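Below is a short briefing on one structural model. Please read it alongside the sequence and the coordinates.

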Amino acid sequence: MLSPIENPRYVLVFKKYKKLDYKNSFACPAIFGQKKEIVEVFKNNLRGRIGEFEILYTRNEIGRKKLIKCKKQSFITKNEMALKRKKKISVFE
């Protein structure tokens with residue numbers, strides 16, 4: 001769940017004041033992402049601990065657009081890109 005968003009079947013997006021907060025979006029783990037019923041149970045377990053989430057199915061046109069939005073804005077993806085960025089070595093080091 002804390003890995004960067006790549007190509008999951010379902011994405012969990014945090015709801016903040018009845019709006020989707022794409023910065024706090026997570027890829028649903030593949031072990032839970034086989035059936036929507038299992039993802040619903042996972043979401044309900046997270047509700048008590050973290051807060052309200054919305055499930056996005058990414059295997060259709062609307063879901064793909066929202067998946068791209070999640071990839072662009074997700075904190076976890078941005079953090080992973082910053083960590084894996086190649087370190088530039090200057091001439092003076």
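E52 is partly exposed at 30% relative accessibility, where buried means under 20% relative accessible area, exposed over 50% and partly exposed in between (1.4 Å probe, protein chains only). The side chain of E52 meets that of R47 in a salt bridge of 3.0 Å, N to O; a salt bridge is a side-chain nitrogen of Lys or Arg within 4 Å of a carboxyl oxygen of Asp or Glu. This is a predicted model, in which local features need pLDDT of at least 70 and side-chain atom pairs count only at pLDDT 80 or more, while totals for chains, interfaces and linings use all residues. Residues are numbered from 1 along each chain as its sequence is written, and side-chain values use heavy atoms, with hydrogens and water left out.

**Salt bridges**

- A search of the whole structure gives three salt bridges.
- R47, the partner of E52, is partly exposed, with a relative accessible area of 40%.
- E40 pairs with K43, their closest N and O atoms being 3.9 Å apart.
- Because E40 and K43 are three residues apart in helix α1, about one helical turn separates them; helices (H or I, at least four residues) and strands (E, at least two) are DSSP runs, numbered from the N terminus.
- E40 is partly exposed at a relative accessible area of 29%, whereas K43 is buried at 12% relative accessibility.
- K65 forms a salt bridge with E61, with 3.9 Å between the closest N and O atoms.
- Both K65 and E61 lie in helix α2 (residues 61-73), four residues apart, or about one turn of the helix.
- Both residues of this pair, K65 and E61, are exposed.

**Nonpolar cores**

- The largest nonpolar core has 11 residues, including Y10, F14, F26, V39, F53 and I76; such a core is a set of buried Ala, Val, Leu, Ile, Met, Phe, Trp, Tyr and Cys residues joined through side-chain atoms within 4.5 Å.
- Two or more residues of this core come from each of β1 (10-16), α1 (36-49) and β3 (53-57).
- A second, separate core has eight residues, among them V13, L56, L67 and C70.
- In soluble globular proteins, nonpolar side chains tend to be buried together.
- F53 is in contact (heavy atoms within 4.5 Å) with L12, V13, F14, K15, N24, F26, K43 and L46, leaving aside its neighbours within four places in sequence.

**Aromatic residues**

- The structure holds four aromatic pairs, meaning rings of Phe, Tyr and Trp (its six-membered ring) whose centres lie within 6.5 Å, with planes under 30 degrees apart counted as stacked, over 60 as edge-to-face and the rest as tilted.
- Y10 and Y57 form a tilted pair, at 5.4 Å centre to centre and 50 degrees between the planes.
- This pair links distant parts of the chain, with Y10 in strand β1 and Y57 in strand β3, 47 residues apart.
- Y10 is buried, with a relative accessible area of 6%, whereas Y57 is partly exposed at 32% relative accessibility.
- F14, F26 and F53 form one aromatic cluster.

**D21**

- D21 lies in strand β2 (residues 19-27) and is buried, with a relative accessible area of 15%.
- The side chain of D21 makes a polar contact of 2.6 Å with the side chain of N24; a polar contact is a pair of N or O atoms within 3.5 Å, where within protein one must be able to donate a hydrogen and the other to accept it, and residues adjacent in sequence count only if both atoms are side-chain atoms.
- Neighbours within four places in sequence left aside, D21 is in contact with V13, F14 and K16.
- D21 and E54 are 33 residues apart in sequence and 9.9 Å apart in space, C-alpha to C-alpha.

**T77**

- T77 is placed in helix α3 (residues 75-84) and is buried, with a relative accessible area of 10%.
- The side chain of T77 reaches the backbone nitrogen of I5 at 3.4 Å.
- Not counting residues up to four places away in sequence, T77 touches P4, I5 and K71.

**Confidence**

- The chain averages a pLDDT of 86, and 91% of the residues score at least 70; pLDDT is the predictor's confidence in each residue, from 0 to 100.
- Among the elements of the chain, β3 has the highest mean pLDDT (93) and α3 the lowest (80).
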